[in-house]
Structure formats: structure tokens, C-alpha cells
Amino acid sequence: MSKTSYLTLDKMTLAYGDAVAVPELELAVEKGELIALLGPSGCGKTTTMRAIAGLLPVKSGRVVLDGVDITRVAANKRAVGLMFQSYALFPHLTVYENVAFGLRLKGMRGSELDAKVRAGLTSVGLAQFADRKPAELSGGQQQRVALARSMVMEPKVLLLDEPLSNLDARLRLDMRTELQRVQKDTGVTMIFVTHDQAEALSLADRIVVMKSGRIEQIGTPEDIYNRPVSAFVADFVGFENIFPLEAGKLKTSAGLVPLSQPLSDQTPSAAGLAWRPRMVTLGSGPFRGTVRGTSFAGHTREYLLDSVLGEIKAEVDASEPVHAIGTEVAFDLEADRAAPLSRFN
Amino acid sequence: MIARTLFIPVVLLLVLTFLIGPFLIIVAASFSAGETLAFPPQGFSLQWIFKVFTVDSFRASFATSMLLAVGGTAAALLLGIPASYALSRYTLPGAEIVRTVVSAPIIVPGIIVGLALLRYIVVPMQASMTLILFLAHTALVLPYAVRVVSASLENLRSDIEEAAVLLGSSRLGAFFRVVLPNIRGGILSAFILGFVTSFNQVPLSLFLSAPGVRTLPVDMMAYMEIVFDPSVAALSSLLAFLSIGIVFAAERFLGFSRYV
Amino acid sequence: MFQNRAEAFALALPAALFVTLVFLVPVVALLSEGFHLNGSWTISAYVDFFSSSLNQAVFWRTLKLGAIVTVVSAVIGYAAAFAIVGLSPTAKGRVTGLVMMPLMISPVARTYAWIVILGRTGIVNEALHAIGLTDAPLRILFSETAIFIGLLQLFLPLMIISLISALENMPRDAVPAARVLGANWFQVFWKVILPLTREGLVVGGTLVFTGSLTAYITPAILGGSKVLMLETLMYQQVSVSNNFVAASVIACILIVMSFAANILLKRVATARNKIRREGAAA
């Protein structure tokens with residue numbers, strides 16, 4: 001582990017009562033990085049985020065931020081911001097007072113306060129809404145108030161809980177751009193929690209995939225998308241055809257099935273292989289599948305095949321000849337197109 | 001078809017007459033010029049309305065009842081708000097036990113509580129009757145306070161408190177800055193409900209009277225047994241208009257019925 | 001949800017402790033008096049209590065009045081709730097307000113009104129005399145009838161309010177669906193509305209029944225010193241006879257009856273629901 005990391009989680013263990021939710025988590029985040037904690041609900045990502053914020057006590061291990069051990073520092077003294085999924089704006093205060101809330105607690109008053117609040121509101125494009133109550137704003141505007149409220153505090157780390165999940169498609173793009181701009185302008189370190197792989201892939205510098213309280217894989221979006229290390233990660237990022245390997249053969253419910261070509265030298269130790277639907281060769285190959293379902297998806301056409309390997313999902317260009325439901329199609333799973341999995345779980 | 005169109009107005013007329021008619025009769029009777037309680041009233045005068053204010057025992061017991069209703073409800077809120085907060089925001093071991101204990105005074109008939117307090121606190125401890133009445137009314141109102149305040153806490157997202165803490169507030173500060181302003185309506189509603197409940201309560205206060213210390217409704221019942229003039233009717237009307245006025249204003253400005 | 005247990009206890013403890021000291025301990029002490037005579041534990045006080053025919057009469061009268069008031073308020077309550085639910089939203093709000101209004105008025109004032117109406121020279125007797133139905137005034141006041149009327153007026157609003165919310169929570173299309181399937185109005189009520197509003201009926205019924213069992217003001221004013229219910233009997237035992245053992249026995253009976261009513265009616269509600277759920281699953 002790098003000694004110079006900005007935020008370090010060192011064997012951090014989190015528990016609800018006696019039930020350990022996150023055991024001995026190790027994570028190092030560099031200053032100015034945008035990190036995504038990705039995983040299904042219950043994987044411990046939100047628990048981890050709450051612990052970094054100080055809302056959940058750390059059972060054992062350490063949290064070190066900017067060279068200071070903050071494991072036992074109270075949540076209100078950590079300089080960590082959190083943008084809640086529900087935004088958590090104060091309903092009885094105006095937009096202005098929401099943004100001024102933390103600054104006033106710091107003792108800031110008068111023109112200094114006013115300038116800072118106005119600047120915060122202007123940066124998210126809401127200067128003209130200063131006197132409104134949160135309930136009078138749209139969801140997207142409320143979220144930007146929440147962002148401004150956190151950012152005027154100049155936090156060392158900004159945590160974001162599912163920042164895009166409550167927004168419709170258009171606002172989602174706006175907010176993504178907004179977050180990237182804020183990060184570029186201020187250089188703040190951001191960690192966001194999401195269950196949506198597309199959100200993580202499009203926004204993060206690095207993605208931390210979590211499962212059952214443990215880190216499954218850490219990597220760049222390209223790493224995670226193209227080189228998943230385990231069946232869990234592969235499944236999570238859209239590899240639909242995943243098989244364990246045994247003695248160089250695919251292990252299926254119908255026994256061991258030999259591959260059409262030998263395994264390459266790079267993957268002698270692979271525990272499994274995974275193919276996206278796009279990686280399945282359709283129309284030729286040693287395997288036979290019966291078309292159970294097909295659907296047109298614009299550029300491409302998707303097929304669901306029943307075969308000796310089990311259920312196979314394939315996706316080919318829409319310009320290719322159509323295979324009717326019930327017909328038999330030849331297909332291949334080529335080893336050199338597959339993503340090799342070092343762990344199968 | 002005719003039967004069905006007639007059904008609604010006839011049923012409503014009968015039910016509302018039964019529920020509200022007696023009250024209107026009391027109001028009418030309090031303007032009587034006669035010496036005894038009767039309806040239709042004999043003539044019109046305001047003498048009984050005025051007389052209410054001259055009866056010493058009514059003035060004293062009104063003051064006692066006001067003190068108990070305001071003080072008891074305030075005390076119940078002081079105890080009830082933190083308890084409601086603990087029940088709705090914390091994982092409290094034995095939360096169900098606490099909830100049951102705190103709401104117990106609503107289940108046990110007041111007359112039993114009154115007698116129990118008389119036998120086991122007033123007599124052995126030589127405690128002041130006003131103090132005991134105050135404690136008893138606090139206990140009586142507490143379940144209502146907890147219920148109404150809990151309901152408004154449930155309607156308030158708890159993450160705004162965490163947001164306040166992360167912006168630098170202490171936990172206590174977050175409660176006063178963020179929680180309290182947002183449950184003000186619920187607290188006022190609880191206060192009004194508690195006030196009306198305490199003010200109208202009879203059985204609880206029945207055994208808890210001492211020379212000069214008596215609640216107004218108990219005093220009214222005692223007065224009725226001796227004197228059969230319209231002054232109790234006049235007093236009843238005045239009190240009824242007072243409570244209806246308070247509740248109406250509360251509904252108008254707070255949306256009282258949301259919390260009750 | 002916050003995890004800090006010490007804080008949670010510190011917040012909840014004052015209220016729980018207060019109720020325990022000012023309420024639970026004295027009440028338990030009072031109840032134990034009836035089981036503890038001359039230094040030993042016994043139920044002889046209960047045997048004594050029920051061997052008196054006067055006490056028996058009061059006990060059964062209390063139960064009887066509670067049951068009758070509950071049943072009658074349910075019948076009237078359904079009619080009234082139907083009528084109110086059928087109104088336009090504004091009218092519904094106003095009428096509901098009028099139904100709830102008596103709840104804000106002191107029960108003493110509400111009960112007192114019946115003296116004017118039911119007394120020897122009250123409206124009812126004057127009217128009956130005027131149209132020549134009676135020669136001498138009827139003795140309505142200080143009777144079970146008077147208590148029944150008073151209790152019904154006191155508790156009917158609670159039943160109506162419970163049934164209104166039950167009817168409003170009923171699936172919108174249940175009644176039209178039953179009508180389309182050929183049910184007459186009587187069948188619609190028994191097979192559709194009653195099962196679907198049972199919980200509201202149970203809530204309202206529990207409030208009315210336990211309220212009637214433990215009523216004091218109404219029997220005290222409208223029943224007089226002769227027609228007693230359990231609470232007025234308890235008051236007499238204390239203030240006239242100074243018999244605290246009997247008072248403790250009555251207190252225990254009242255509490256047991258209230259709790260039993262609560263539990264029994266809750267059982268009825270859940271048992272019926274279970275049948276309904278299993279029926280739906282099958």
C-alpha cells in the first residue's frame with residue numbers, strides 16, 4: 001500500500017451490532033481521484049461510504065485522510081462532504097440558507113458568507129433560486145443545491161450516494177458533466193456509490209467492485225469492462241456467457257465440453273472464461289444451438305440459444321441473416337476472444 | 001332509486017341531530033331567563049353566562065384545570081419528545097417494552113390510576129394534591145404526546161440530521177436546528193390534543209381532590225348534584241366553544257388532523 | 001437509524017421511568033390489594049365480590065350495556081359512514097368535522113345535555129304529554145336506557161370515523177364487481193363490504209366497547225346512585241363504604257375486561273384476515 005495515498009482505509013472492519021458487514025477493507029485513494037464503489041445492494045458499498053463520513057463507527061482498523069488518522073474523529077469534524085441520494089435538503093430553510101448552513105456553523109458571517117454562498121449557487125446555476133424553499137425546486141435543481149451545499153464547505157473528500165439514480169436520462173448527462181466539471185475545477189477527491197455499472201464506467205477514474213463486504217476488483221473502467229477478474233465482476237459488467245474451466249475444458253451441466261481451439265499461453269491458469277453476447281460467433285463453429293428467442297435492437301439482433309452448453313446469449317449485426325425461432329444454428333465460443341477469469345466464484 | 005337518494009340526507013340528518021342536537025340545546029338553555037334548567041328556555045337573558053364568572057369555586061377550579069392542562073401537557077412533551085426521538089431514530093433494545101410502558105396510561109381507566117395515586121403516593125407521602133394532579137395529568141397526556149410526535153418524526157426524513165452533522169453541526173445541534181423546526185406542527189398538535197384531553201378528564205381527577213383543589217369538570221359534576229340552575233349549561237357552552245375554537249384554529253393553521 | 005445505545009437509553013429513560021413510578025407501581029400496588037388479605041395471598045375478595053347479587057347485577061349490566069352500545073353504534077356507524085363516503089370531498093370534510101366535533105366537547109357538558117332532554121320536565125316528556133301519549137312523565141332519566149343513550153352519543157363518533165377510513169381504504173372496484181357478478185345489496189354487504197372493512201369495525205368496536213365498560217361520567221350523571229356500572233360502583237365503594245379491597249377487585253376486573261376485549265377483538269381481526277389471505281392464495 002502506498003504511503004503517500006490521500007485517503008487510506010487500513011484493515012477497516014465495519015459491523016452492525018455483532019454482524020460484520022465489511023471485514024478488513026483495504027483501499028488507497030489518491031488526491032483528486034474520482035472513485036466509484038460499484039456493487040449490488042447489500043455489498044457493503046454504502047456502509048463503507050458511511051464509515052468514511054463518520055456516520056458509522058469503525059469496529060477495527062484505521063481511516064487515514066491527508067496524513068491524519070480520522071478513525072475516531074467525529075463526523076462533524078472530518079471535512080468530508082456527503083451528497084445524499086435523497087439530497088437531504090432542510091425543508092424549512094431556503095436554498096440560500098441551506099447552502100449557508102455549514103458556513104454559519106464555521107462562524108462565517110456578513111459579506112464573506114454572502115459572497116461564498118452566492119458563488120456556490122452561481123457555480124451550479126441556481127443563483128436566481130436563492131429565496132425558494134427546496135420543495136419549490138425540481139429534483140435536478142434540488143440535487144445541485146445539495147452539491148453546492150457540500151462544495152462550499154471545501155471538503156477534502158466528497159462522497160456521493162447514487163448521484164445519478166434519481167434522475168431521468170437527460171438530467172443524468174447534465175449531472176455527470178456537472179460532477180466532472182466540479183472535480184476538474186476544484187480538484188476535490190470524490191468517491192461515489194452506485195449499483196449501476198454504466199454510471200461507474202462513464203464517470204469514474206477507478207472502479208472498486210464490491211461483493212459481500214469485500215473488494216472483488218479494483219481497476220480503471222477499461223480494466224473492469226474488458227478484463228474482469230472473476231465471474232461475479234464479469235456478470236456485473238455484462239458478460240452473459242460465463243463458464244468455469246476444468247482441465248482446459250468448459251464445465252457445463254452436461255459435463256466437460258472441449259473448446260474449439262486450444263487455450264492461449266496467457267491464460268494457462270484461468271479458472272473460467274467469459275464472453276459478452278457480442279463475442280459469440282454465430283453461423284459457424286462446432287456447437288449447435290436451437291433458437292429459443294430473438295429480439296431486434298436497432299443496430300443489432302439478440303438471440304437466446306439452447307445448447308449442450310446451456311443457455312447462450314448472442315448478439316450480431318442486424319444486417320446478418322435472421323435465424324427463425326426453433327431453427328438450429330451453429331455457433332462458436334472462441335477462446336482467444338474470451339475474457340479469462342482468474343477466480344470463479 | 002328514490003330510496004337511495006333519500007338515504008344519505010335522512011341518515012346524516014338523524015345522526016348529526018343525535019350527536020350535535022343535545023349540545024345546541026345546552027347552548028340555548030344557557031340563555032334562559034328562568035331559574036331552573038329547561039328547554040325550550042323561558043325568555044332570554046345573559047344572567048347565567050355572567051353568573052358563571054362569579055362562582056368562586058368555578059374560578060378556582062378553572063385555574064387548576066388550566067394549570068394542569070398547560071403544565072401537564074408541557075411536561076408530557078418534555079418527556080415525550082426525547083422518547084419519541086429515541087424510538088423513531090435509534091435501534092433501541094427493548095423498544096417495544098418502552099413503547100408499551102409509555103403508552104400504558106391510555107389503556108388503564110383513569111379512575112384506577114387516580115385511586116392508586118391517592119392510596120400509594122398522596123396518603124403515605126403526604127404529597128401536595130396539586131403536585132399529584134400535575135403528575136397524573138402528565139402521565140395521562142404522555143401517550144398522546146408520544147403518538148403524535150412520533151408520527152411527525154416518521155414523516156421527516158432522518159438523513160437531514162446526518163446532513164447537518166456532516167456540515168459541522170453536533171448531534172444535539174442538528175436536533176434543534178433541523179429536526180425541531182420541521183416537527184413544530186406536530187408538537188403544537190400534540191399540545192392541543194393533550195390540552196383538550198387533560199382539561200376534559202374526569203375519572204383520573206375524581207379521587208384527587210383536596211379542599212380548594214379540584215379540576216373544573218369534577219367541580220361541575222359536584223355543582224350539578226346540588227344546584228339545578230342553567231349556570232352549568234352556560235359554563236358547558238363556554239368551554240365547548242373554547243375547545244372548538246382552539247381545534248378549529250389548529251386545523252386551519254396547522255392541519256391538526258394530519259397528526260391525530 | 002443511529003446505533004448509539006447509551007444515547008437512546010438516555011433519551012427514552014426519563015419517560016419510561018416516569019410512567020413506571022407515577023403510574024405502573026401504584027396501579028400494581030392497588031391491584032395487589034385485592035389478592036392480599038390478612039397477610040396471605042388469596043382470591044377470597046373476588047369470591048366475596050361475586051357472591052353479592054348487587055355486584056353481579058352491576059357486572060352484567062356493564063357488560064350488557066357495553067355490548068349493546070357497540071352493536072348499535074356499529075349498525076348506525078355503517079349507515080352514517082356509507083352516507084358520508086358518498087358525499088363530495090368538500091361536504092365530506094365538513095360532515096366529518098361535525099361528527100368529530102363532540103369529541104372536543106367536555107363529556108360532562110355532553111352528558112349534562114341529556115338531563116335537559118330526558119328529565120321529568122325534559123323535551124321528550126313534554127312532547128309525549130303534548131301529543132297525549134302519556135298522562136304522567138316517564139321516568140327515563142336514571143335508567144339503563146338513559147345510560148345507553150348517553151354512551152351511544154359519547155362513542156358513536158369513534159365508530160363512524162373508524163368505519164369511514166375502512167370504507168375509503170376498500171378496493172374501489174369491489175362493490176361494482178360484486179354487483180356485476182349478480183350479488184344483491186344484502187349479499188354485497190355480508191360477502192364484500194363487511195369482510196373488507198372488518199379491521200375498521202374491530203378498531204371502532206374496541207374503542208366503543210372498552211370505552212363503555214370503563215365509562216364513569218355517563219353512568220354517574222344519567223344512572224344516578226341506583227343504576228350503577230362498574231366504575232360508579234367502584235367510586236361508591238371508596239367514597240361511601242371506604243372499601244378499598246372491593247375497589248381493588250373492581251379495578252382488576254375493569255383492567256382484565258379491557259385487555260381481554262382488546263386481545264379478543266384483535267384475534268378476530270387477524271383470524272379473519274388469515275382466512276382471507278389463505279383463500280386468496282389458494
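Chain A is divided into domain 1 (7-231) and domain 2 (242-341), with bounds taken from an automatic or database domain assignment. The structure is a predicted model, in which local features need pLDDT of at least 70, side-chain atom pairs count only at pLDDT 80 or more, and totals for chains, interfaces and linings use all residues. Residues are numbered from 1 along each chain as its sequence is written, chains are lettered from A in the order in which they are written, and side-chain values use heavy atoms, with hydrogens and water left out.

The C-alpha centres of the two domains of chain A lie 40 Å apart. Six residues of domain 1 of chain A are in contact with five residues of domain 2 of chain A, where contact means heavy atoms within 4.5 Å. Between them the two domains bury about 430 Å², 56% of it on carbon and sulfur atoms; buried area is the accessible area (1.4 Å probe) that two parts lose on being put together, summed over both. On the side of domain 1 of chain A, Tyr225(A), Pro228(A) and Ala231(A) lose the most area to domain 2 of chain A, together 75% of what that side buries. By class, this side has four nonpolar, two polar and no charged residues. Here Ala, Val, Leu, Ile, Met, Phe, Trp, Tyr, Cys and Pro count as nonpolar, Asp, Glu, Lys and Arg as charged, and the others, Gly among them, as polar. The count of salt bridges between the two domains is zero, a salt bridge being a side-chain nitrogen of Lys or Arg within 4 Å of a carboxyl oxygen of Asp or Glu.

Chain B has 12 helices and zero strands, while chain C has 13 helices and two strands; helices (H or I, at least four residues) and strands (E, at least two) are DSSP runs, numbered from the N terminus. Along its principal axes, the C-alpha trace of chain B spans about 70 × 65 × 30 Å, and that of chain C about 75 × 70 × 35 Å. Buried residues make up 59% of the 260 residues in chain B and 50% of the 282 residues of chain C, with buried meaning under 20% relative accessible area (1.4 Å probe, protein chains only). Within chain C, seven of the 10 residues of α12(C) are buried, so this helix is largely enclosed by the rest of the structure. Among them are Leu230(C), Leu233(C), Met234(C) and Val238(C), together with Glu231(C).

At the interface of these two chains, 72 residues of chain C are in contact with 71 residues of chain B. Chain C and chain B bury about 6600 Å² between them, 83% of it on carbon and sulfur atoms. The rule finds two salt bridges across this interface. Arg119(B) forms a salt bridge with Glu33(C), the closest N and O atoms being 2.5 Å apart. Several elements give two or more residues to the side of chain C that touches chain B, including α1 (5-33), α3 (53-85), α7 (144-168) and α13 (244-281) of chain C. The helix that gives the most to this side is α1(C), with 21 residues. By class, the residues of the side of chain C that touches chain B divide into 62 nonpolar, six polar and four charged.
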